[in-house]
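Look over the model below.

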Amino acid sequence: MPLFKYEAVTAKCRCLYGKLLGPKDYENLLKCPDVSDIAVYLQDNTAYHEFLNGSDLRRINRNKLEYYIKKSMLNDYLKMYKFTFGNERYFINLLMAKYELEYILRAWREYVLKNIENNNNSVSKPNESEEDYFLGKGILEIQMIYQNNPRIDIEALKNITNAEQFINAIKNSDFFYIFEKHIKDDISKNYTEIETAVYDDYYKILYDSAEIFEKETRKKIQDSISTHADLLNLCRISRMLFNFKAGPEEIMPLLVPLRNRLKPDNINALLKSNDREKFLLYCQSNLSYGEKQSFYAYDSMSSYMNSFLYKYYKSKIKVSSSGFEVIVRYFHVKEFEVMNLFYLTEGIRYKMTPDYIRKNIYGLDYDPNKSSRGAV
């Protein structure tokens, strides 16, 4: 790797990393009695003040606060985007595309399916305030990415009744072809099936696009992507086997088409598990992931995955590292911060106890060994 090739952008990234919330911030936030107090704390004590200044924080609701939190994430992407050129900028754009896909999926779920159901008189439309928020301020997430020139026809999304109209509304998106491939003429296709297919294609695109980097950086970026894919596949196999009683022939097409430490032989063995205990025992005894983090310490496979990935990404951001993979890992860690704040806000809104919220905050010293269940 050419010396100092990524020095400027990694220095900028480490500056952002230093502004992430720490355990003390989370403990202080857990003491907040309501959503407005969370907003006040974030404005007065954290980097989120950049987005909350000027807002009436005493009247802020959960949706608006979450919007500002997400806006911070996308603003970090834009900072990195402006700091890069050529291949690096192209890859940053791919990373940001995850949020474009997320927005399109939400539009498909909230408006396309509900329009179809409304025609069948089965459900009512979203109320006006929800619609205004999603189609108004919510679209700013996409406007930020495209510099106030969104590539999605928002007005068209409001009254879509067929697949062709939906595809036309998103046709200027760089990734509309993913939806076109999976939806085709069946716009009422199961949402989970569509979401799974879209993100699986996205992970594959991201993995293949890492080829633009030199070998050392490429390997580190692809390891991050394929590690995530491995753990997603463990979650899907477990859920399909034990929650939906699906067979191997139904499960295999639903797996992310990337492999890292979870080999085909491992997958075949797991698909033969006839109960949760055997599944868990195989994971702990035969997968390298079990050597780094016990599967028995978590009460669900998704909890195991998120805990593993959080520690994995944190451990990989080292002062000595100067490759572009630092940027990729930073955004993964930032995603966990966004998840933490969303969960914390929701928990306080519904008056959950601090201890209950704390055990679901990544980065706090919660001991999962207190759990009596295994991670399936």
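**A buried threonine and the cavities**

Thr-46 counts as buried because its relative accessibility is 7% (buried means under 20% relative accessible area, with a 1.4 Å probe and protein chains only). The model is predicted: local features need pLDDT of at least 70, side-chain atom pairs count only at pLDDT 80 or more, and totals for chains, interfaces and linings use all residues. Residues are numbered from 1 along each chain as its sequence is written, and side-chain values use heavy atoms, with hydrogens and water left out.

Thr-46 sits in the loop between α3 (35–45) and α4 (49–52). Helices are DSSP runs (H or I, at least four residues), numbered from the N terminus. A polar atom of the Thr-46 side chain lies 2.6 Å from the backbone oxygen of Leu-42. Leaving aside residues up to four places away in sequence, Thr-46 touches Leu-21, Asp-25 and Tyr-41 (contact means heavy atoms within 4.5 Å).

Now the cavities. The whole structure holds 2 of 30 Å³ or more. A cavity is a set of points on a 1 Å grid over the protein atoms alone, where a 1.4 Å probe fits but cannot get out; lining residues have an atom within 4 Å of a point. The largest cavity has a volume of about 160 Å³, the space filled by probe spheres set on the points, with grid points joined across faces, edges and corners.

Its lining has 14 residues; Leu-95, Lys-98, Tyr-202, Leu-206 and His-332 lie nearest the centre. The elements giving two or more residues are α6 (86–119), α12 (191–209), α13 (215–242) and α19 (325–349). Of these, α19 gives the most, with 4 residues.

Terms used
1 Å grid on protein atoms, 1.4 Å probe; cavity = no way out; pocket = protein on both sides within 12 Å on 5 of 7 lines; lining within 4 Å. Buried < 20%, exposed > 50% of the residue type's maximum accessible area, 1.4 Å probe, protein only. Polar contact = N/O pair within 3.5 Å; in protein donor to acceptor, adjacent residues only side chain to side chain.
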